[in-house]
Amino acid sequence: MSGTARAQQLAGLALADEARQRSAEEAMLATLRDPAQLDRLPEIGLCHGRAGLLHAAWRMAADARTSRIGDELPGLAARLIMQISRPHPQAGLLDGMAGPALALHALGTGTVASSWDSVLLLA
């Protein structure tokens, strides 16, 4: 869902379609504010996990018309940090610990080191 919301936001920006952009941002915001949806992310990874949601939301917040998505990022990051404090055997980018580390680094520094997220089509 988060990748689709970001794609719609980018389409809205490219086409100067404010309604599309607003709809995408509202969809992301609704997800970030719904504990039931957040609890459905048992994985940590970038592909289908909490790190992917965090990073997509961070990218969206940078281009959003309001600060509301950005306001939700600290809470989502805290959930991810709590989740990765448990042992995880994988080290990979999409499903392992590398993805959450990069997403948290981007949030904490406000930058993406070496444009690693371009492979996810979020930039």
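1. The secondary structure of this predicted model comes to six helices and zero strands. Read from the N terminus, the order of elements is simply α-α-α-α-α-α.

2. On overall dimensions, the chain agrees with the rule for a compact globule: its radius of gyration is 14 Å, and a value near 14 Å would go with 123 residues. The C-alpha atoms occupy a box of roughly 45 × 35 × 20 Å along the principal axes.

3. Buried residues make up 38% of the 123 in the chain. Of the contacts between residues at least 6 apart in sequence, 63% link residues at least 24 apart. The accessible surface is about 6,500 Å², with 57% of that area belonging to carbon and sulfur atoms.

4. Helix α2 is worth a look. This helix covers residues 18-32, and its 15 residues reach 21 Å from the first C-alpha to the last, close to the 21 Å expected. Its buried residues are Gln21, Ala24, Glu25, Met28, Leu29, Thr31 and Leu32. They lie on the same side of α2 because they cover an arc of only 160 degrees around the axis. Their cover includes α1 (2-15), α3 (35-38), α4 (50-63) and α5 (68-84).

5. From helix α5, do pick out Ile69. With a relative accessibility of 3%, Ile69 counts as buried, because the cut-off is under 20%. Beyond its neighbours within four places in sequence, Ile69 is in contact with Glu25, Met28, Leu29 and Leu32, and also with Ala57, Met60, Ala61 and Ala64. Arg22 is 47 residues from Ile69 along the chain, and their C-alpha atoms are separated by 12 Å.

Technical notes
Residues numbered from 1 in each chain as written. Predicted model: local features only at pLDDT ≥ 70, side-chain atom pairs only at ≥ 80, totals over all residues. Heavy atoms only, no water. Helix = DSSP H or I, 4+ residues; strand = E, 2+ residues; numbered from the N terminus. Expected span 1.5 Å × (residues − 1). Buried < 20%, exposed > 50% of the residue type's maximum accessible area, 1.4 Å probe, protein only. Arc of directions from axis to C-beta. Contact = heavy atoms within 4.5 Å. Rg over C-alpha atoms; globule rule 2.2 N^0.38 Å. Areas by Shrake-Rupley, 256 points an atom, 1.4 Å probe, with all protein chains shown as cover.
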